[in-house]
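The structure is placed here for reference.

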Amino acid sequence: CTGNGICKCRVCECFPNFTGSACDCSLDTTPCMASNGQICNGRGTCECGTCNCTDPKFQGPTCEMCQTCLGVCAEHKDCVQCRAFDKGEKKETCSQECMHFNMTRVESRDKLPQPVQPDPLSHCKEKDVDDCWFYFTYSVNSNGEANVHVVE
């Protein structure tokens, strides 16, 4: 019974919070909790403590990663701008609002990470407050850490 129940007459009697013929299915939904407080980001079901994403655009352990959704770039534009260039709408609140990703500066666009890597990656081209283009990538690794590479 995988340590989560007692075997009686060749049938597992599961401890509370476990189910399944071998008590191998946890009913605990904590691992499925997304950062917005919803189970599987409202885009999947929590089965045995793991998200099964029902919206095919979303993936990851809590169905929060969406590489094809518009907005990954726009959503992080202001934070990248203040962290990399010390300007933009969030300049004054940068240290409070924009520390949720690791940032690496690169010399040129050809030094940006390419989509051949295992982590989902978004390439971004956004305009700054001075109406100039700046380029960055946004990716989330398997540990859920966000990484930004920005062109100096």
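**Disulfide survey**

I counted nine disulfides, taking as a disulfide a pair of cysteine sulfur atoms within 2.5 Å. The model is predicted: local features need pLDDT of at least 70, side-chain atom pairs count only at pLDDT 80 or more, and totals for chains, interfaces and linings use all residues. Residues are numbered from 1 along each chain as its sequence is written, and side-chain values use heavy atoms, with hydrogens and water left out.

I looked up Cys1 and found it joined to Cys12, S to S 2.1 Å. This link is left-handed, with -100° about the S-S bond. Cys1 lies in the segment before β1 (5-8) and Cys12 in strand β2 (residues 11-14), 11 residues apart; strands (E, at least two residues) and helices (H or I, at least four) are DSSP runs, numbered from the N terminus.

I next examined Cys40 and Cys51, whose sulfur atoms are 2.1 Å apart in a disulfide. Cys40 is buried at a relative accessible area of 0%, and Cys51 is buried at 12%; buried means under 20%, exposed over 50%, partly exposed in between (1.4 Å probe, protein chains only).

I then noted the disulfide of Cys79 and Cys98, S to S 2.0 Å. Cys79 sits in helix α1 (residues 72-85), and Cys98 in the loop between α2 (94-97) and β7 (101-106). Both Cys79 and Cys98 are buried.

Cys132 is partly exposed, at 40%.
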